[in-house]
Amino acid sequence: MDGSKWFSLIIIGLFSAIFLLSLYESGDLSLGMNDSDDFGGIDRLDPAVTMQRIYENDSDFQNLTKGNYSGPGGIFNETGESVAYIQINGWYIHEVTVELQNGTLKNLGPDVSEEKLCREADSLNGSVISIHSQMTGGEFYMITIDTPNETVKSIEKVDELPEWTTETTITEVSEEEP
């Protein structure tokens, strides 16, 4: 083979490698490792989704909440007992963020009527950017879940929620940092 054919083969090989790498990085090309995520871990359902699925299928839970509850927090243990805290029979307080015509943001609320806040946003000729709703008042319950067996062990009324369920904590984890 002369030099131009080798050069053409190298260029075609390079473009093929780039194309396959881009497919792999986008997730459109599987290499048969369906049980692991992009970071080498095992793909699992979100713990909150797992716990919610278990207790929403429990008849005692369904009778207690009748579908109206707020789940402010929980502790997930894949191999043992998990604990979830819920709030029922409360009412919602709403806050609305509105973008005004001049581009500034304005917060409306808090108010018990989301509809009233949206009408106020309309009267300001603004666009609703976000609505934050939070249940307040009501009764609090602790749900103990046997996670491996996917059953609810107990539902107990508690006087108040643990402090950590009412705090918003955002933690960023980066693999690049030492």
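Tutor: Leu14, Phe15 and Ile18 form a nonpolar patch on the surface, with about 330 Å² of accessible area together. The model is predicted, so local features need pLDDT of at least 70 and side-chain atom pairs pLDDT 80 or more, while totals for chains, interfaces and linings use all residues. Residues are numbered from 1 along each chain as its sequence is written, and side-chain values use heavy atoms, with hydrogens and water left out.

Student: What makes Leu14, Phe15 and Ile18 a nonpolar patch?

Tutor: Like charges are joined within 9 Å, and nonpolar side chains (Val, Leu, Ile, Met, Phe, Trp, Tyr) within 5 Å. Leu14, Phe15 and Ile18 form a patch of the nonpolar kind. Accessible areas come from the Shrake-Rupley method with a 1.4 Å probe, and for residues only the protein chains shown count as cover.

Student: Why does Leu14 count as partly exposed?

Tutor: Buried means under 20% relative accessible area, exposed over 50%, and partly exposed in between (1.4 Å probe, protein chains only). Leu14 has 48% relative accessibility and therefore counts as partly exposed. This residue is found in helix α1 (residues 3–26).

Student: What makes a stretch a helix or a strand, and how many of them does the protein chain have?

Tutor: Helices (H or I, at least four residues) and strands (E, at least two) are DSSP runs, numbered from the N terminus. The protein chain has four helices and seven strands.

Student: Why is strand β6 called mostly covered?

Tutor: In β6 (residues 139–146), seven of the eight residues are buried. Across the protein chain, buried residues make up 22% of the 178 residues.

Student: How do you know that β6 pairs with β2 and with β7?

Tutor: Two strands pair if DSSP finds at least two bridges between them. Strand β2 (residues 81–88) and β6 share eight bridges in the antiparallel sense, and seven bridges join β6 to β7 (residues 151–158), also antiparallel. Met142 of β6 is the bridge partner of Tyr85, and Glu156 in β7 is the bridge partner of Met142.

Student: What lies between β6 and β7 in their hairpin?

Tutor: Four residues lie between them, and Glu150 in the turn has a positive phi of about 55°.

How values were computed: Patch = residues over 30% accessible without salt bridge, like charges linked within 9 Å, V, L, I, M, F, W, Y side chains within 5 Å. Salt bridge = Lys/Arg side-chain N within 4 Å of Asp/Glu carboxyl O.
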